[in-house]
Amino acid sequence: MFGKSRPDVVVIGAGPVGLFSALSLAHRGLSVMIVDKDWRRAAHSYALGLHVKSLWLLRSLGLFEEIEKNGRKISKVEIYDPSEKRAEIHIKDIDADMPFLITMEQAKLEEILESALNDRGIKVLWNHEVSHLEEKDDGVELVIDRLEKISLGYAIAHTEWVVAKSEKVKVPLVIGADGHRSFVRRSLQIPFEMVGQTQHFAVFEFKCRQSRDYDMRLDLTPDTMNVLWPLPNQFCRWSFEVKDELHDEDSRQKERQAVSLSQSPFPILSMERFHQLLKERASWFTAQPEQITWRIVVRFEKRLADRFGKGRVWLAGDAIHMTGPAGIQSMNIGFREAFMLAELAEAVIKKGASLNRFEEYHEQFIKEWRMINNLDARVKRGTNQDPWIAENQERILPSLPASGNELIKMLNILGFEVQG
Ligand SMILES: Cc1cc2nc3c(=O)[nH]c(=O)nc-3n(C[C@H](O)[C@H](O)[C@H](O)COP(=O)(O)OP(=O)(O)OC[C@H]3O[C@@H](n4cnc5c(N)ncnc54)[C@H](O)[C@@H]3O)c2cc1C
C-alpha cells in the first residue's frame with residue numbers, strides 16, 4: 001500500500017476538502033497519502049458554488065483557469081422578501097480583483113481536484129477505510145483496510161464490500177476530512193453538538209431557456225427560505241425549504257452513481273409540486289424548466305465540533321461543521337481550513353515548529369464558526385439598518401456565500417456591525 005517510504009501526512013477522506021487538502025500539502029512539498037472508503041468521487045452537484053476566497057486559493061494551486069472554463073460566473077447576491085428586493089450585494093464591492101463567484105457541480109470540482117493530484121503523481125486510494133486511529137508520542141498509528149467487492153449468496157446472489165487486507169502505519173500527521181459522520185472526530189471523542197435549527201430542502205436541478213442572466217437569489221418568506229443558484233450550461237438549482245415532510249436519514253450520504261437508481265419516495269418532488277412551488281414562491285422566475293436532471297429532499301443540520309483537532313490529528317470540512325445549503329459555507333470554509341492546516345504541517349514537519357502551532361488553527365476557525373452560528377452575538381444591528389434585514393439576521397448570516405473578511409464586508413453592506 002505504501003511502497004518504500006512513509007508519507008508525511010495521511011488525509012482521510014477524498015471529498016472536496018480532502019482532495020483540496022492533499023493538493024495544498026503536495027504544493028508545499030510534503031509527501032501525502034489520501035484514502036477514501038468509497039469507490040469513487042461523488043456524482044452530483046451538492047455544494048455547487050465557489051466563494052471569492054476559494055477562487056484565490058484555487059488560483060494559488062494553479063487551478064483557476066480550469067475552474068473558470070468549467071464554471072458559471074455570478075456577479076451578485078440578491079435578497080428578497082415575498083414582495084420586493086431588500087438588498088443586493090455586488091461581488092465587485094467585496095473584491096474588485098475577483099469580482100464574481102463561480103458555480104459548478106461538486107462532482108466536476110472533485111474531478112478537477114483529483115486530476116490535479118494525479119498530475120502531481122498522487123493517486124487517491126479509493127476503497128481504503130481507516131478503521132483504527134491512535135495518537136502516540138512520536139506519530140499517529142492508523143489501521144487502513146483495503147475493501148473489495150465480492151459476490152455472495154447461493155439462492156439469491158448479491159455483492160458485499162469486505163476487508164481484503166489491513167495494514168498498520170505510523171505517520172507524523174493526520175488530517176481528517178472524512179465528512180459529517182467523521183470516524184476521526186469520533187476517535188478523538190470530540191462532541192459535535194447541534195447549534196441551530198435543522199432545515200429540510202426540496203432541491204430541483206433542471207435545464208431551462210433563460211432570457212436573462214440570473215444571479216444568486218435568496219427569497220425569505222416568514223417561514224421558509226428559498227434559494228436560486230444558476231449553474232453552467234443553462235442549468236439552475238432551486239432549493240425550497242419544506243416543512244413536515246418525510247425525510248430520509250441517509251439523504252446526506254453522497255451518491256456515487258450519476259443516475260439515481262432509486263425512485264424518490266417524496267411526493268413533493270413530483271413535477272406538479274415543483275411547478276406549484278415555483279408558482280407560490282417564485283412567480284417572477286419566468287424561465288421555462290425543461291427536464292429535471294436531479295431532485296432530492298435533503299436534511300441540513302447545524303452542528304459544530306467542540307475542538308477542531310488535537311495533537312497530531314486535525315480535522316477540516318463537514319467533519320467539524322454542518323450548516324444550511326444557501327451560502328455553501330461548509331465546503332468553502334473547509335478549503336481555507338485545509339489551506340491553513342497545510343501551512344502549519346509544513347512549519348511542523350519541515351521547519352521543526354511546535355505542534356502547539358495548530359492551536360492557532362483551532363482558535364481562528366472556531367471563532368469564525370461561532371460567529372456564523374451567532375453563538376457569541378458578535379453581529380449587531382447597525383444604525384439606520386433596514387429593520388427587515390436585521391430581523392432576519394439568523395437566517396441571512398449562514399446563507400451568504402462568503403467567509404472571513406469577505407463575509408464581514410457583506411454583512412457591513414447589509415448594515416450589520418461585526419464586533420471583535
Ligand atoms: C444530497 C446533498 C446535497 C447537498 N447540497 C448542498 C448545498 O446545497 N449546499 C452546500 O453547501 N452543501 C451541500 N451539501 C454538502 C456538501 O456536499 C458538503 O459540505 C461537502 O461535500 C463537504 O465536503 P467534505 O470534503 O468536508 O466531506 P465529504 O464530501 O462528506 O467527504 C468525506 C469523504 O470521507 C470519506 N470517509 C468517511 N469516513 C472514512 C474513513 N473512515 N476512511 C476513509 N474515508 C472515509 C467518505 O467516503 C467521503 O468521500 C450537500 C450534500 C448532499 C449529500
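Residue numbers start from 1 along each chain as its sequence is written, and side-chain values use heavy atoms, leaving out hydrogens and water. Since the model is predicted, local features need pLDDT of at least 70 and side-chain atom pairs count only at pLDDT 80 or more, while totals for chains, interfaces and linings use all residues.

**Helix packing**

Helices (H or I, at least four residues) and strands (E, at least two) are DSSP runs numbered from the N terminus.

| Helix pair | Angle | Axes apart |
|---|---|---|
| α1 (residues 16-27) and α4 (residues 106-119) | about 25° | 9 Å |
| α1 and α7 (residues 329-351) | about 30° | 9 Å |
| α7 and α8 (residues 358-372) | about 165° | 9 Å |

Angles under 35 degrees count as roughly parallel, over 145 as roughly antiparallel, 65 to 115 as roughly perpendicular and the rest as oblique. A crossing is left-handed if the near helix is turned anticlockwise from the far one by less than a right angle, and right-handed if clockwise. Contact means heavy atoms within 4.5 Å. In the residue classes, Ala, Val, Leu, Ile, Met, Phe, Trp, Tyr, Cys and Pro are nonpolar, Asp, Glu, Lys and Arg are charged, and the others, Gly among them, are polar.

From α1 the contact takes P16, L19, F20, A22 and L23, and from α4 it takes Q106, E110, L113, E114, A116 and L117. By class, the residues of this contact are eight nonpolar, one polar and two charged.

The angle of about 30° between α1 and α7 makes α1 roughly parallel to α7. This crossing is right-handed. On the α1 side, P16, V17, F20, S21, S24 and L25 take part, and they meet M331, G334, F335, A338, F339, A342 and A345 of α7. The contact has ten nonpolar residues, three polar and no charged.

With an angle of about 165°, α7 and α8 are therefore roughly antiparallel to each other. They cross in a right-handed sense. Residues of α7 in the contact include Q329, R336, E337 and A345, while those of α8 include F358, E360, E368 and W369. Here the division is eleven nonpolar, three polar and four charged.

**Cavities**

On a 1 Å grid over the protein atoms alone, a cavity is a set of points where a 1.4 Å probe fits but cannot get out, and lining residues have an atom within 4 Å of a point. Grid points are joined across faces, edges and corners, and a volume is the space filled by probe spheres set on the points. Three cavities of 30 Å³ or more are present.

The largest cavity has a volume of about 50 Å³. Its lining consists of V227, L228, W229, R237, S239, P325 and A326. The largest share, three residues, comes from β15. Five of the lining residues are nonpolar, one is polar and one is charged.

The second largest cavity holds about 40 Å³ of space. H51, V52, K53, I94, P401, A402, S403, E406 and M410 form its lining. The elements giving two or more residues to that lining are α2 (52-60) and α11 (404-413). By class, the lining has five nonpolar, two polar and two charged residues.

Key: On a 1 Å grid over the protein atoms alone, a cavity is a set of points where a 1.4 Å probe fits but cannot get out, and a pocket is an open set with protein on both sides within 12 Å along at least five of seven lines; lining residues have an atom within 4 Å of a point. Axes are lines fitted to C-alpha atoms, for helices over the stretch in contact, and angles run from 0 to 180 degrees between N-to-C directions.
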